[in-house]
Amino acid sequence: MEVQIKSIHFDATEKLQDFVQKKAAKLEKLCDEIQKVEVQLTVTKPQTAINKEATITVKVPGKSYYAEKISDTFEESVDGCVDALKAQLEKFKEKTRKN
């Protein structure tokens, strides 16, 4: 599984990149068909408090799953995205099991 991290208008720290890699690995445990995970981190509206946006796209054969969250920290945003994607991937796995 390939994990691609893009930080828009800032440089992501090594610690933040490691955090994102660990979270992406949790998604792979849930669904082994994941081909690619694209993570985009953006600072929106620098003058406001809740301005850390994370978007994650998970690509599996024939489909893509997407989640987007804005929070106080990138860690919170990534956690929210991962939780949303877990639910989507569980539905995907159930559908493939039934077929």
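Is Phe74 buried or exposed? Phe74 counts as buried, at 9% relative accessibility; here buried means under 20% relative accessible area, exposed over 50%, and partly exposed in between (1.4 Å probe, protein chains only). The views below come from a predicted model, in which local features need pLDDT of at least 70, side-chain atom pairs count only at pLDDT 80 or more, and totals for chains, interfaces and linings use all residues. Residues are numbered from 1 along each chain as its sequence is written, and side-chain values use heavy atoms, with hydrogens and water left out.

**View 1. The four-stranded sheet.** Let us start with the strands, which are DSSP runs (E, at least two residues), as helices are (H or I, at least four residues), each numbered from the N terminus. Four strands form an open sheet in the order E1-E2-E3-E4, with mixed pairing; two strands pair if DSSP finds at least two bridges between them. Strand E1 (2–8) and E4 stand at the edges with a single partner strand each, so one side of each has no neighbour in the sheet. On average, neighbouring strands are turned by 10° against each other, direction ignored. E1 and E2 run parallel and are joined by seven bridges, and Ser7 stands opposite Leu41 in E2.

**View 2. The hairpin of E3 and E4.** These two strands pair in the antiparallel sense over nine bridges. Val58 stands opposite Tyr65 in E4. Two residues lie between the strands of the hairpin, where Gly62 takes a positive phi near 85°.

View 3. H2 lies across E2, E3 and E4, running at about 150° to E4. For these angles, axes are lines fitted to C-alpha atoms, for helices over the stretch in contact, and angles run from 0 to 180 degrees between N-to-C directions.

**View 4. The largest nonpolar core.** A nonpolar core is a set of buried Ala, Val, Leu, Ile, Met, Phe, Trp, Tyr and Cys residues joined through side-chain atoms within 4.5 Å. The largest one has 25 residues, and those with the most contacts inside it are Ile34, Val37, Ile56, Val58, Val60 and Leu89. Helix H1 (14–30), strands E2 (36–43), E3 (52–60) and E4 (63–71), and helix H2 (74–98) each supply at least two of its residues. H2 gives the largest share, seven residues.

**View 5. Around Leu89.** Leu89 is found in helix H2 and is buried, with a relative accessible area of 0%. Leaving aside residues up to four places away in sequence, Leu89 touches Leu27, Leu30, Cys31, Ile34, Val58, Val60 and Tyr65, where contact means heavy atoms within 4.5 Å. The C-alpha atoms of Leu89 and Leu30 are separated by 7.4 Å, although 59 residues apart along the chain.

**View 6. A stacked aromatic pair.** Rings of Phe, Tyr and Trp (its six-membered ring) pair if their centres lie within 6.5 Å; planes under 30 degrees apart count as stacked, over 60 as edge-to-face and the rest as tilted. By this rule there are two aromatic pairs. In one of them, the rings of Phe10 and Phe74 have centres 4.9 Å apart and planes at 10°, so the pair is stacked. Phe10 lies in the loop between E1 and H1 and Phe74 in helix H2, so the pair ties together parts that are 64 residues apart in sequence.

**View 7. His9 in its loop.** His9 has its place in the loop between E1 and H1 and is exposed, with a relative accessible area of 75%. Its phi is near 65°, a positive value in a residue other than glycine.
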